[in-house]
Amino acid sequence: MKNITVLGAGIMGHGVAQLFAQAGYKVRIQARREISLKKAKDLITESLKIMVEKEMLTEDKMDQTMANIHYTTDLHEAIQDTDFILESIPEVLETKLDTYDIIESVVSENTIIASNTSTFPLKELTQRAKHPERFIITHYFNPPQLVPIVEIAKFEKTDENVVKVTYDLMKEIGKSSVVLKKEITGFIVNRVQVAMLREAFHLIEQGVCTAEDIDIAIKGSMGFKWAFCGPLESQDLAGLQTTQAMVHNIEQDLSNTREVPAFLKEMVERGEHGIRSNKGFYKYNDNGAQVIYTRDDNFLNLLKLIQDSEAKKEETAATTK
Ligand SMILES: NC(=O)c1ccc[n+]([C@@H]2O[C@H](COP(=O)([O-])OP(=O)(O)OC[C@H]3O[C@@H](n4cnc5c(N)ncnc54)[C@H](O)[C@@H]3O)[C@@H](O)[C@H]2O)c1
């Protein structure tokens with residue numbers, strides 16, 4: 001694996017390109033418009049600068065990382081002689097399928113095609129594929145250059161060697177991966193997230209609390225714990241009789257709607273799309289630039305804590321062997 005291609009330079013694409021470039025790979029990132037590429041380059045520069053400020057990256061490493069990324073609007077140039085393609089274009093099936101048609105007409109049979117789709121199963125993504133066995137899903141989380149996990153999803157046609165190579169590649173760029181055993185919409189994290197959001201939306205609709213109240217409550221409780229103590233581990237620590245009682249007593253009262261809530265549809269219709277439009281559940285200036293800066297600064301502090309904790313665990317394991 002030497003050459004990596006990232007298709008799409010949006011919220012996710014630029015962060016994934018940064019990740020590979022930081023790990024020393026030559027990356028070509030493609031978007032249709034120059035302006036998207038310029039924005040991606042600015043965001044990558046900003047993200048690397050914060051790491052330098054926090055002494056998590058040297059200036060030399062920052063320069064090398066920047067030099068490892070080639071920006072292009074030309075799809076053919078981006079995919080020529082590449083080993084691994086990460087497709088991170090919009091979540092529109094037909095757009096993805098059209099792009100795969102072009103990719104497969106250009107690249108060799110050995111090129112792995114990974115999608116960052118949040119929702120489409122491989123069965124749908126490969127419906128027109130000549131070589132479905134080289135398709136895989138690597139699902140990152142925003143901001144991908146900082147969030148430590150990638151979900152890997154395969155299907156019955158995926159070559160096991162493609163899974164292995166992808167798993168090893170994720171490890172090499174500093175990611176831990178979870179490989180799903182079965183194909184399922186939304187994988188692990190988005191299923192759990194959507195179940196939680198359904199209830200959060202229900203609480204807002206019922207007038208129990210505001211969006212801000214929910215964020216405060218979750219950040220200060222589950223959010224505080226989960227980086228070090230997962231939801232199931234937390235139950236062991238709380239005692240499973242309590243878990244059983246909690247599930248039994250609350251479950252019957254939870255929302256079981258299958259509809260997107262009307263208030264969310266209305267927000268989207270009004271153009272309230274979050275930071276992109278400076279309004280969502282909160283108001284923003286400058287497309288949330290300051291909010292993103294603070295978020296990344298905090299996430300880097302957390303990442304450092306997690307890395308230190310992992311290093312200590314490995315050290316202890318090595319000395320007790
Ligand atoms: N936003 C998230 O938090 C998140 C998290 C995990 C996965 N994803 C998935 O990642 C993918 C990209 O999401 P995003 O949030 O980065 O989207 P985005 O809209 O921010 O970026 C999409 C990029 O693709 C470019 N693009 C549009 N059509 C294209 C085409 N035909 N060919 C090449 N480039 C094209 C756009 O110009 C833009 O640069 C989606 O599949 C999404 O479901 C998103």
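**Exercise 1. Determine the handedness of the crossing of helix 1 and helix 2, and characterise their contact.**

Solution. The crossing of helix 1 and helix 2 is right-handed; a crossing has this hand if the near helix is turned clockwise from the far one by less than a right angle, and is left-handed if anticlockwise. The model is predicted: local features need pLDDT of at least 70, side-chain atom pairs count only at pLDDT 80 or more, and totals for chains, interfaces and linings use all residues. Residues are numbered from 1 along each chain as its sequence is written, and side-chain values use heavy atoms, with hydrogens and water left out.

Next, consider the geometry. The axes of helix 1 (residues 13-22) and helix 2 cross at roughly 55° and come within 9 Å. Axes are lines fitted to C-alpha atoms, for helices over the stretch in contact, with angles from 0 to 180 degrees between N-to-C directions. Helix 1 and helix 2 are therefore oblique to each other: angles under 35 degrees count as roughly parallel, over 145 as roughly antiparallel, 65 to 115 as roughly perpendicular and the rest as oblique. Helices (H or I, at least four residues) and strands (E, at least two) are DSSP runs, numbered from the N terminus.

Finally, identify the residues. Helix 1 contributes His14, Gln18 and Gln22, and helix 2 contributes Ala40, Leu43, Ile44, Ser47, Leu48 and Met51; contact means heavy atoms within 4.5 Å. By class, this contact of helix 1 with helix 2 holds five nonpolar, four polar and no charged residues. Here Ala, Val, Leu, Ile, Met, Phe, Trp, Tyr, Cys and Pro count as nonpolar, Asp, Glu, Lys and Arg as charged, and the others, Gly among them, as polar.

**Exercise 2. Describe how helix 2 packs with helix 14.**

Solution. The axes of helix 2 (residues 34-53) and helix 14 (residues 289-320) lie 11 Å apart, at an angle of about 45°. Helix 2 is therefore oblique to helix 14. The crossing of the two is right-handed. On helix 2, Glu46, Ile50, Met51 and Glu53 meet Tyr293, Asp296, Asp297 and Leu300 of helix 14. The contact of helix 2 with helix 14 has four nonpolar, four charged and no polar residues.

**Exercise 3. Classify the arrangement of helix 11 and helix 12.**

Solution. The axes of helix 11 (residues 231-238) and helix 12 (residues 240-251) cross at roughly 115° and come within 6 Å. Helix 11 and helix 12 are therefore roughly perpendicular to each other. Gln235, Asp236 and Ala238 of helix 11 make the contact with Leu240, Thr242, Thr243 and Met246 of helix 12. The residues of this contact of helix 11 with helix 12 comprise three nonpolar, three polar and one charged.
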